[in-house]
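Please read the following walk-through with the sequence and the model side by side. It takes up a few places in turn, from strands to helices and back.

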Amino acid sequence: CQDEFLNRPPEDGISLDNFYSSEEEITASLNALYGTTWFNFNTKAFWSITELASGNARTFSGDVINFGNFTVTGDNTVLTDGWESLWGVIAQSNALINYLPERVGANVGEEVVNNALGEARFMRATAYFYLVRIWGPVPIVENSLDYVFSPKIPTNRVEDIYEFIERDLQFAIENLYVKNRGGNYADNGHVSSGSAKALKAKVHLYQEEYSEAQRLSQEVINSGEFKLLGVDVPGTSYADLFKTEFNNNEESIVAMQWTAASYGTGNAMQASFAISSTITGTGDGYGVIGPTIDLQEAYEAGDERRKATIMLAGDYYPEIRSSDGGYTVPEDVNAQNTKAGIKKYVVGTPQDNGGAGLAQATANNTYIMRYADVLLIHAEAILAGGASTADEGALQSFNTIRQRAGLGTFPSITFEDILQERRVEFAIEGEYWFDLGRINRQQAIEIISNQERGTYSNDDPPVIYSQTYTPSSEDFTMPYPAVDVALNPLLLEDPVPYEFND
Amino acid sequence: QNVVTGKVTTAEDGQSLPGVNITVVNGSSGTTTDIDGNFSLEVPDDASLKFSFIGFTTRTISVSSRSVINVALEEDIAQLGEVVVIGYGTQQRGDVNGSVASIDANVIENIPQPSLDQLMQGRAAGVTVTQNSGQPGAAVSVRVRGITSITGSNEPLYVIDGVPVSGDATNSATSGRTAASSFNGNGQTGVSPLAAINPNDIASLDILKDASATAIYGSRGANGVVIITTKRGQRGETGKITYSNYFAIQEPQKLIDVMDLPAYAKLQNDLAGIYGVQPRVEFINIELLGEGTNWQNEVFKRAFMQNHEVSLSGSKDNVNYFISGGYTDQDGIVIGSNFNRISLRSNVDAKLKEWFKVGISLTASQTDENITLNSNRNGIVSLGLLQAPDVAVRNPDGSFAGPPPNPSAVEGNINPVAQALSRTNTLVRSRVLGNFYAELQLMDGLSFKTEIGGDFGFDENNLFTPTYEWGRFINDNATLYQSNANNTFWIIKNYFTYKKAFSQKNDITLLVGQEAQQSSWEGRSLIGQGFVSNDIQTMNNASTLINADAYKGSQALSSYYARVLYDFDNRYGVTATVRADGSSKFDPLGDTQWGVFPSFSASWKVFNENFMEGVNKDIFSNLRLIAGYGVVGNQGIPNYLYGASLADVRTGLGQGYYVTNIPNPDLKWEESYQTNIGLNFSLFKESLSFNIEVYDKTSKDFLYQLPLPLYLTGPSGGESYLAGVGSPYVNLGELQNRGIDLSINYSLVSENSDFSWSSNLNLSHYKNKVIDLYGDNFDITRTITTGFLSSPLTRTIEGQPIGLYYGYKVKGIFNDETAFEDLPVQFDTPFSEELGGIWLGDIQYEDVNDDGVINEDDRTFIGNPHPDFTFGFSNNFRYKNFDLTIFLQGSYGNDVLNLTRKETSSLSRLYNNQLEESSDYWTEENTDAKYPRPKRGDDNSNLFISDRYVEDGSYLRVQNIKLGYTLNQDLTQRVRINRLKVFASIQNLHTFTNYTGYDPEIGAFNQDALQMGVDIGRYPIPRTFTVGINAEF
């Protein structure tokens, strides 16, 4: 009786010791790796770091303006939010990797356990891939428990982090279920062995390991697991990729999985991107960023992707405010004085999305990787650092992307062609900053310093108030958040090699 | 022989005094006064009679052949609280071996403070009280002998008529949720857990300070125990009706000099030039501008306060009773804040048989408060300084105004008046707290007592954000956050007391007991959005329910205890206590669930020794030494940390579960080892008495949550709901507090009973130091988030006091272009005239670690929030029917980090008002400036937290002056009033300080020991003018 009186397990949650007893419980613990863990990264940090710094977008907004002019410090909370969110993904993945094997119920099959470990290692690799691209050297943590009493650990070398990512992805390739992406989108949400191959191809590309990148991207293409909307899937288009109803479509390789249940569980990007609350119907829609003049000018005439990415005056979107007959962008559209607004990831009112949607919470997924990327990786891997290529496979992959956008094909391609194509294909999806970060540094500085990041005046015709920034080489990695530097000054020291266990 | 009759009354108000001992000096006869204070005694003509009564000065009067002797006895200030409540019993003040400070109810009556924790400030040595906010009903920080826990609560345990109540406003050991929601994590909303108690019902406050005193409360007493005894009907008292009231006006103590419109316009024009933007057309002709809006006058107001209380008390046929009802209504001096309370109390004791007594204490109350956004850059107080004087409060149509809706005004601030009056955060707390007891006299000296106590609370919090359009600030979607919480606590105690005197010299009291207590909590919250009207704020009117949350939990504590009090010959005293506690906080499968905590103390009444007989008692007397040592446990942590739990979260793939914490199955009791040595003595016929105590309080294996970097946990603290894996709680390290409590009492001994005077000076000094934090693997950092910047604020490391301010040291302002090449680079920013470069007029920081660059590693300790000492000085004078009290209180040697000044002198944004003095900024013409050159953007190295913002927080406050007049009884009795007193007082008349902000008494942000003395728009404490009456029928 006495013992009972003093035994108070959680009454509103589940004790870890009673979990992982069935496949359903394991699936539920995997689901958690796709949503809220990513929230603080997705909400502001992701696009502030990538789109503002890369020159795709601009802002006056005090919280994130410093990303656009390369003056951000470790005190910036948006930066810290991104950092803590990515580490949250790693901590939760590690918890699963370390707790599951010793606690799993006896009647759960081995392949279920292996698949779960594969998903967790895939997610850990994904988070590290963002970390290494944003901050460069960071510590490799396989189990938080190892450092609980000695948290002051050095950062590890960039090459070791890539090695670590590759090992996780190789494990994922070997242990994840093999899938084929079909029309039942609900089945496509969790990553597959093919997802891991695709991501690993990209990781190799970043290290200029072209043959590996080519081999893996070719395998993914040959498998037919993924399909390109607007090309392989009849009746669809590039613009459909970003609609809620197309969550986990055939092109999606891995995505953050949002729901509009409450703050923290949904996609909050629309709140910042939409130019007015008319679009969102939920009171938010602050137009915190606008597409730079430079990005607006990056689109070739006739590129269908422009309208799916950027709103210009007079553009008509039937899917937004559909019950009112659609939405026409007003003449005075002027997010951050760019005479334009962001469209990508803007999905409209709850009614436009089957009733799902709250302020700062829409249900449309955020892509981490989609199949178009595999095709462009394939092309670039074949180019393999050369001046240009007319390789049939490379052209096939590259031109498919252009044709989907309604543009003409190229007879041969250079790296600059691929970089430009990647920019417009993935604008507002975070890719361009990482592409600029992996190419020749001097070339990247030159590209950025020539970008028009200024504003339009209100005159008719408008005059450009020009703004340009020239980053230094150090500006391509972000400062470590001050809160963690205060706890661990070793973050500022040189990275050390990582000792791999196996 | 002669029969003398007479009546004994109180000198203060002429009340009859029953039970006064009257003895014949050098004789053997004696008597006591009856219910009406009358006595009759046969005595020799030349005899002297000694009148003595606890709590009153003993008087000796020679009979001189008189047959009627009426005596008025003075209350003895030095003897106040003669009987001390020590927990599960009482003891004579002079016999207490542990450290106990007492506050008499008289000194805190009629003071316009709604909550009793505030009333303890400056009243007892060793008890440091700071008001964290001037918000009516806000939580205060009470520190008994320094700081015991680094990250846990440091508030003492309050025992109200036997029912323990935690002083922790954050409920960190129970639900972990504050009663009031915190405006999306911004601002301070801690409310006093004691606000339910009407201070007028209190008879005495006894504060147990050292381990030997608190040991009987075991693990819940680690931070000290405040025992509150409420008033009860007095035996022999006929029916008494009292009515008291006061009415008060409160006003801000001080306003700060910010720019008026012309000065502001000039600044905006100058800043536009510096920032390289177009100056505003409306500021072209400064001389045409009026004064503009004085926002401080708009956010502060004169506020009214009133208090009424009726009580009925008496005794008849072995039943005594005290029944009271009280009402307090306090409007805050910052608009949008107020507090009111209705309280009822019923205390009844009945002696059913000679051997059987029962009684009950019951109080029910409801408090209703409006909390305004404060202690934040976006709080009402901060915005009262920052809002631009060209922004009107209201538009011509009566609606609220705001900065203009053009993109260049993006840096402008929301209208604080609109915000305070429209965005509401209301909290209604209903509470029933009571204790029932039955006491059996089993045999001579042996009694058994059983007590059943309960504390039931229901909180309802509503936070409503309306739709609005205040200039560029537009909200289309009203939101209602509503939460309800139920808290249930019960305690059962059973204990035997055996009290016996042997052979005149040995006096022994034994206590053996058992108790069990359980606390459970549950709550729900809903968030609804989309309201048709801002006026109807109920959840059924929300068009969408955007979130529903629920929580539930409980904890239990089981205990056994024993205590021996032994006194030999009124010379040597010993107290030995042992208590064993079993706590549900620790793993039931492990062996750490139970902790045993012993304590021992002894005293020596040196003055009662034979060798002291030669000492002239008129000069020196009452010398006594005490010493004690004990161990107290602490288990004040959240539930189920010995295991890991999973929380649910919804995702696009369906329900998900994530791990919430890193478990620690080895978690065990924190132990605090406390030593106390004390000395007291009196001088000059006991008119001047001294009490000095020194202590050492060392917490070992203290419980705290490891301060892990984000790279090991993911989202933490307030954001841990975003699927962070919380750091484990561990037993680690060692923290020491050493200090001195000094109390000096003076009371004038005068034959002339028309005049009396007493004073009390108490000084508290503590010094705390972290002895061990598990090697140098850890240091604990608190960060502060203002706007979108989050900066380390305090840091705690081995060998230093906890919570020191952490930042850069300023060398000066760069003034010499030629020196740049030799100087260390700051923050990787080149010395350059280019935008973004560091150049003349910028702040030059010190290269603290001397490595040739200035970066985060050059942050160091820049200030100490701990005072060298705090003090209270109270003075009571009475002349005939007048009484006057003057109470001074203060703090010396503590630093304050004035971040309000940082924000109001930043010169980093347009559309923000600034301090008048900030116009003294660096330009090429003004190189000897106080402030650096303006730079746009808050993420700006000139504005890093540095010693520029550290100020001396010492102060001396004239906290209360009160004058009372008691009308002549002859006069008042004609209208059946036994006693009528009128009084007037001024609270916080003046504060002597060098601090430049509103008020140097900052306190701890939401009681956090690591965020002490940080002023970021703190709600200042008002000056209050009060008048009132106390009437007794």
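Two strands are said to pair if DSSP finds at least two bridges between them. In this predicted model, strand β1 (residues 2-10) of chain B and β7(B) meet that requirement, with three bridges in the parallel sense. One position to look at is Thr9(B), which stands opposite Ala72(B) in β7(B).

These two strands belong to an open sheet of three strands in chain B, whose order is β4-β1-β7, with mixed pairing. The edges are taken by β4 (38-43) and β7 (71-73) of chain B; each has a single partner strand, so one side of each lacks a neighbour in the sheet. From one strand to the next, the twist averages 35°.

Helix α8 (residues 193-206) and helix α9 (residues 210-223) of chain A pack with their axes 8 Å apart, at an angle of about 155°. Angles over 145 degrees count as roughly antiparallel, and α8(A) is therefore roughly antiparallel to α9(A). The crossing of α8(A) and α9(A) is left-handed. On the α8(A) side, the contact is made by Gly194(A), Lys197(A), Ala198(A), Lys200(A), Ala201(A), His204(A) and Leu205(A). From α9(A) come Tyr210(A), Glu212(A), Ala213(A), Leu216(A), Ser217(A), Glu219(A) and Val220(A). By type, the residues of this contact divide into seven nonpolar, four charged and three polar.

Back in chain B, is strand β53 (residues 1022-1032) enclosed or open to the outside? Eight of its 11 residues are buried, so β53(B) is largely enclosed by the rest of the structure. Two pairings of this strand can be followed. With strand β17 (residues 240-252) of chain B, β53(B) pairs in the antiparallel sense over 11 bridges; here Gln250(B) has Thr1024(B) as its bridge partner in β53(B). With strand β51 (residues 979-993) of chain B, the pairing is also antiparallel and runs over nine bridges. In that case Leu980(B) has Ala1031(B) of β53(B) as its bridge partner.

A last stop is Gln514(B), found in strand β27 (residues 506-531) of chain B. Its relative accessibility is 26%, so Gln514(B) counts as partly exposed. Leaving aside residues up to four places away in sequence, Gln514(B) touches Ile492(B), Lys493(B), Asn494(B), Ser559(B), Tyr560(B) and Tyr561(B). Between Gln514(B) and Asp851(B) there are 62 Å in space, C-alpha to C-alpha, and the two are 337 residues apart in sequence.

Notes:
Residues are numbered from 1 along each chain as its sequence is written. Chains are lettered from A and ligands numbered from 1 in the order in which they are written. This is a predicted model: local features need pLDDT of at least 70, side-chain atom pairs count only at pLDDT 80 or more; totals for chains, interfaces and linings use all residues. Side-chain values use heavy atoms; hydrogens and water are left out. Helices (H or I, at least four residues) and strands (E, at least two) are DSSP runs, numbered from the N terminus. Axes are lines fitted to C-alpha atoms, for helices over the stretch in contact, and angles run from 0 to 180 degrees between N-to-C directions. Angles under 35 degrees count as roughly parallel, over 145 as roughly antiparallel, 65 to 115 as roughly perpendicular and the rest as oblique. A crossing is left-handed if the near helix is turned anticlockwise from the far one by less than a right angle, and right-handed if clockwise. Contact means heavy atoms within 4.5 Å. Ala, Val, Leu, Ile, Met, Phe, Trp, Tyr, Cys and Pro count as nonpolar, Asp, Glu, Lys and Arg as charged, and the others, Gly among them, as polar. Buried means under 20% relative accessible area, exposed over 50%, partly exposed in between (1.4 Å probe, protein chains only).
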